[in-house]
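Hi,

Here is the structure I promised to pass on. Have a look first, and my notes follow below.

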Amino acid sequence: MTRDTRRSPILALLATAAIIFAACGGAASTAPSSEPTTTPTQGPTAEPFDGNVYPEDGSSACGTDGYNGQIGSIKALDAQTVEFTLCAPDAAFLSKIAFTSLGIQDEGYLEETGGGGEALFRNPMGTGPYQFKSWTAGTEISIEAYEDYWGTAPLTPNVVIRWSTESAQKLLELQSQQVDGIDNVGADDFPTIEGDSDLALFRRTALNTFYLGMNNTKPYWKNDKIRQAIAMGIDRQRIVDTFFPPGSITASHFTPCEIPGGCEGEEWYEFDPEGARELLAEGMAEENITEIVTKVSLREPPRCYLPAPLDIATDVQDQLQENLGITAEIDIIDTTVYLGIASRGELDGIFLLGWCADFPDVTNFLDTFFGVGQDDSLGTPWDDVTALLTEGGRTADLEERKAIYEQANDLIKEHVPMVPISHGGSATAFLADVEGAHSSPLNQEDFSVMKPGDRDQLVFVQNGEPGGLYCADETDGEALRICGQILESLYDYKVAGTEPIPNLATCEANADSTVWTCTLQEGITFHNGATLDANDVVTTYAVQWDAEHPLRVGREGLFEYWGYLFAGNLNPPPPTE
């Protein structure tokens with residue numbers, strides 16, 4: 001396979017926008033030569049087919065009491081056809097259904113595992129170019145080529161994914177040719193790699209955001225002035241200049257400006273320690289407190305948005321003391337539980353988190369953190385923001401969207417649910433003889449298009465060990481990258497790009513883009529030999545959509561990405577006190 005590494009990220013994003021903002025969202029553009037070329041077949045199956053329908057009574061969830069979601073119904077019309085009815089047009093629908101958490105799994109396997117347990121966490125049952133081989137806890141995960149893969153066979157039959165939090169160690173292993181590729185090259189190592197003819201550096205477009213989170217239901221952070229004081233009292237430029245690699249940008253807005261509509265409205269607060277201390281004093285007086293003692297919480301492995309977590313946390317700790325007189329202790333939390341603790345709203349200090357783009361649309365950033373589908377990490381959402389974000393997601397015209405997001409960004413700045421620090425530059429690095437090597441702006445590198453010289457095994461070192469590989473119930477990029485080799489969604493993203501392209505299906509919309517009909521390719525099999533049909537699609541989606549689905553077990557049972565993508569669940573649990 002060839003790869004397109006010369007295309008401008010801006011042009012790729014504009015191409016994506018042209019697709020997703022079309023009033024009538026017909027099929028996406030044909031895949032380039034580096035993508036599978038099998039053409040989906042049309043027409044009904046000749047055999048009787050008992051199609052799944054959700055909701056099961058055949059009704060639409062739209063307009064029902066307490067339901068804020070974007071999906072109305074999902075129906076298997078026949079063995080090869082799935083129909084999605086939306087409650088309103090969704091400008092990013094094709095990009096959303098390409099995401100890894102919606103990778104289609106065999107319905108029978110989900111039923112066999114009961115929707116949870118070690119078998120499902122360790123061995124997801126997908127249709128991808130690779131299938132699960134083994135997992136040595138604490139060391140590595142091995143995957144191998146699936147012999148009956150429907151598309152172009154992987155160029156390398158075996159892939160081993162290892163992990164390390166130490167940038168220097170990863171580089172040493174690459175230089176000594178113990179491994180073929182590494183993720184998140186250290187900030188100081190870019191020149192070293194670029195000056196070594198045996199290595200190749202692949203920079204990523206900075207489609208990510210690192211922020212300092214505060215939960216507005218916790219002591220201290222309930223007060224607007226205290227949160228605003230934190231926003232003004234942290235020298236964000238100092239953090240970026242000191243710790244981030246080339247290509248990093250101090251955030252002017254929460255959403256990266258490369259994403260259309262992301263940077264409308266006022267820029268973030270300037271560093272003003274004197275003004276911050278005044279605001280802090282006012283807020284503390286209102287709360288009747290004389291000191292603030294808190295935590296700076298983090299997980300140690302680096303991420304696309306956070307190259308040196310402990311060093312940056314220590315700098316934040318120092319700045320809180322120097323600029324604001326706030327005492328904070330460093331709180332390191334195990335990486336496999338950190339996201340769950342945060343999403344349940346259990347972090348009561350300042351915490352380091354971020355987001356790497358799943359798809360290049362402003363909804364992927366703003367709706368995820370401040371919309372109706374947000375988790376509890378930042379506390380209670382603001383109704384004025386959520387109303388605007390709901391309107392923006394349902395608006396197809398880009399200029400109209402920009403006006404909406406201008407208002408939303410200004411309100412986010414006023415409320416200060418978090419402090420956006422940076423859009424971090426990052427990169428992968430590979431041995432120079434690895435054909436097809438690349439970095440993905442969505443952190444979804446495709447190992448199937450890579451060939452390491454004359455070797456039959458590719459070894460790649462990422463940042464951390466996944467908590468599990470049932471990625472409907474995972475949010476960590478380290479899990480999602482591996483799931484992306486094993487599972488496939490209805491659509492995919494162009495290799496090394498952001499454009500949604502047909503994969504397991506081709507989808508077409510009706511005139512107002514509220515009904516999408518997706519036609520599956522025939523003859524695709526899962527790794528256990530079962531044949532893909534429309535019921536697998538409906539069940540994969542329904543488990544994540546319905547909070548009371550009997551198969552909605554998972555590893556932690558959070559299934560957060562559904563809320564991020566489609567805003568609401570069927571039968572949501574009652575709000576916690």
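In α7, the buried residues are I226, R227, Q228, A229, I230, A231, M232 and G233, where buried means under 20% relative accessible area with a 1.4 Å probe, protein chains only. That is 8 of the 10 residues in this helix (224-233), so it is mostly covered. Helices here are DSSP runs of H or I with at least four residues, strands are E runs of at least two, and both are numbered from the N terminus. This is a predicted model, where local features need pLDDT of at least 70 and side-chain atom pairs pLDDT 80 or more, while totals for chains, interfaces and linings use all residues. Residues are numbered from 1 along each chain as its sequence is written, and side-chain values use heavy atoms, without hydrogens and water.

The buried part of α7 packs against α9 (273-287), α10, β13 (350-356), α14 (398-415) and β14 (418-423), with contact meaning heavy atoms within 4.5 Å. At the N-terminal end, N223 caps α7, with a side-chain oxygen 2.9 Å from the backbone nitrogen of K225.

Now α10 (residues 309-324). Its buried residues are P309, I312, A313, D315, V316, Q319, L320, N323 and L324. They sit on the same side of α10, because they cover an arc of only 160° around the axis, taken from the directions from the helix axis to the C-beta atoms. Just after the helix, G325 has a positive phi of about 70°.

Cheers

Note on methods
Buried means under 20% relative accessible area, exposed over 50%, partly exposed in between (1.4 Å probe, protein chains only). A polar contact is a pair of N or O atoms within 3.5 Å; within protein, one must be able to donate a hydrogen and the other to accept it, and residues adjacent in sequence count only if both atoms are side-chain atoms.
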